[in-house]
Amino acid sequence: MKIHRAVTLALMMLVSVALVAAATWQGVQSWNGRSLAALAVVVVAAAISGIAFSWKRYFGK
């Protein structure tokens with residue numbers, strides 16, 4: 001059951017990243033390298049936070 005929750009969380013993160021990419025696709029041409037770097041940092045930080053939270057909550061015992 002714990003693995004199921006972790007997989008579900010990972011899938012939800014992937015879907016959310018895909019939705020953010022789809023929602024901002026038209027504005028991508030106006031972005032510069034700094035904007036993309038900032039977005040990448042935020043997405044990576046969110047992924048690390050989600051993994052750390054689920055690991056501590058579900059597998060830390």
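A18 is partly exposed, with a relative accessible area of 46% (partly exposed lies between buried, under 20%, and exposed, over 50%, with a 1.4 Å probe and protein chains only). This alanine sits in helix α1, helices being DSSP runs of H or I of at least four residues and strands runs of E of at least two, numbered from the N terminus.

The model is a predicted one, in which local features need pLDDT of at least 70 and side-chain atom pairs count only at pLDDT 80 or more, while totals for chains, interfaces and linings use all residues. Residues are numbered from 1 along each chain as its sequence is written, and side-chain values use heavy atoms, with hydrogens and water left out.

Overall, the protein has two helices and zero strands. Its radius of gyration, taken over C-alpha atoms, is 14 Å, well over the 10 Å that the globule rule (2.2 Å times the number of residues to the power 0.38) gives for 61 residues, so the protein is more spread out than a compact globule. Along the principal axes, the C-alpha atoms fill a box of roughly 45 × 20 × 10 Å. Buried residues account for 5% of the 61 residues.

Turning to the helix pair, the axes of α1 (residues 2-23) and α2 (residues 33-59) come within 10 Å of each other and cross at roughly 165°. That makes α1 roughly antiparallel to α2, a label for angles over 145 degrees between N-to-C directions on a scale from 0 to 180. The contact (heavy atoms within 4.5 Å) brings K2, I3, R5, A6, L9, M13 and V17 of α1 against V43, A46, A47, G50, I51, S54, Y58 and F59 of α2. By class, the contact residues comprise 11 nonpolar, two polar and two charged, with Gly counted as polar.

The loop between α1 and α2 holds W25. This tryptophan is exposed, at a relative accessible area of 58%.

Conventions
Angles under 35 degrees count as roughly parallel, over 145 as roughly antiparallel, 65 to 115 as roughly perpendicular and the rest as oblique.
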